[in-house]
Amino acid sequence: MRHTTEQLDIWRRDGGVILDSFFTADELAPCVDGMEQMYGHLRPDDPAAHENFDAKTRYAAQFANTTDLPFHATPELNLIGLHPALVACARAALGTDDVRMYQCHTWAKFTGQTDFDQPFHCDYKNHTLTVPGEDEVDRTINFMIYLTDVTNEHGAIHYVPVPESDPITGPMRPQFAGEAAGYEAQLRAIERSGAAPAGSVFAYGIDVFHRGTNLTLPDAHRFTVTASYKAAGNDQIGWSAWPRFFREPWHLVMDNASVEQRTCLGIPAPGDPFWTELTLARTRDRWPNSDWSAYDEALATSSSDHAC
Ligand SMILES: O=C(O)CCC(=O)C(=O)O
Ligand SMILES: [Fe+2]
């Protein structure tokens, strides 16, 4: 366990908590290499270029360097969102062992690439068609993994703990950024920074007011991975339908993921009735370099059980 019960208590109360130095330098290094492979060439030549962008282009440019899993990069970057310690934290937060990662993307931000300053908003609008659930098991836990140091000059996320925002905003949650404009100044007056060293994780919920901020340090960058979890069977919550990206390098995930990590992507666990001789043969044919032996063994055991 890399999280503490105190940290999860804060997450439940405030909607956001910093998990300081969650990942080790050794774990980060190949992930940063992967980010350089993907985004290093996109460093802006002219750090003032965005000043000539129109408003729409400036806004869209914030999200230019985001990619959904899987990544044309190192296996480590592909699997960081499924790290067992993160899964353990998600399980504890959601109060169930059966969790699914429903969102995972990389995001590179460079100083001068654009204006990253956002108004306060909540993220639920593109995670559900309704609203964030109140029960633990209906919630989501959204991890922003810092692959590089995130100081305020590196565009740290800012947020307001729910018990402090509720007296200002009331219980409702406007859907679109800007609708909170009436209380933007009040929220900014009490906002907290999510600044933390590389390896830290900002864990938050889709009901907490937060906003992106600008990178102001010359020639700097901020590399993050987002990994979001929900309880299995929570059909209200979604983001990625993983097979949608079937042309992307899934083998980097499939060939390197443990059984537990695959389960977080919705692949039935060994012993699940989905697995028959035929489904296993077809799956092995699709992913010949992935290890399916645990699924074989479970099937063999259940067949011999039936034989008795
Ligand atoms: O990248 C960040 O610091 C926050 C961005 C954000 O909140 C968003 O785009 O919804
Ligand atoms: Fe957001």
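Arg43 is partly exposed at 32% relative accessibility, where buried denotes under 20% relative accessible area, exposed over 50% and partly exposed the range in between (1.4 Å probe, protein chains only). Arg43 forms a salt bridge with Glu36, with 3.1 Å between the closest N and O atoms; a salt bridge is a side-chain nitrogen of Lys or Arg within 4 Å of a carboxyl oxygen of Asp or Glu. Glu36 is likewise partly exposed, at 30%. The model is predicted, with local features requiring pLDDT of at least 70 and side-chain atom pairs pLDDT 80 or more, whereas totals for chains, interfaces and linings use all residues. Residues are numbered from 1 along each chain, chains are lettered from A and ligands numbered from 1 in the order written, and side-chain values use heavy atoms, without hydrogens and water.

In the whole structure, 14 salt bridges are found. Arg12 and Glu136 form one of 2.9 Å (N to O), which links helix 1 (residues 5-14) to the loop between strand 3 and strand 4, 124 residues apart; helices (H or I, at least four residues) and strands (E, at least two) are DSSP runs numbered from the N terminus. Arg211, paired with Glu191 at 2.9 Å, is buried at 4% relative accessibility, while Glu191 is partly exposed at 22%.

The iron ion (ligand 2) is coordinated by His121 (NE2), Asp123 (OD) and His210 (NE2) at 2.1 to 2.2 Å; donors are N, O and S atoms within 2.8 Å of the metal (3.2 Å for Na, K and Ca), and sites may look incomplete because water is not among the atoms. His121 is buried at 10%, as is Asp123 at 15%.
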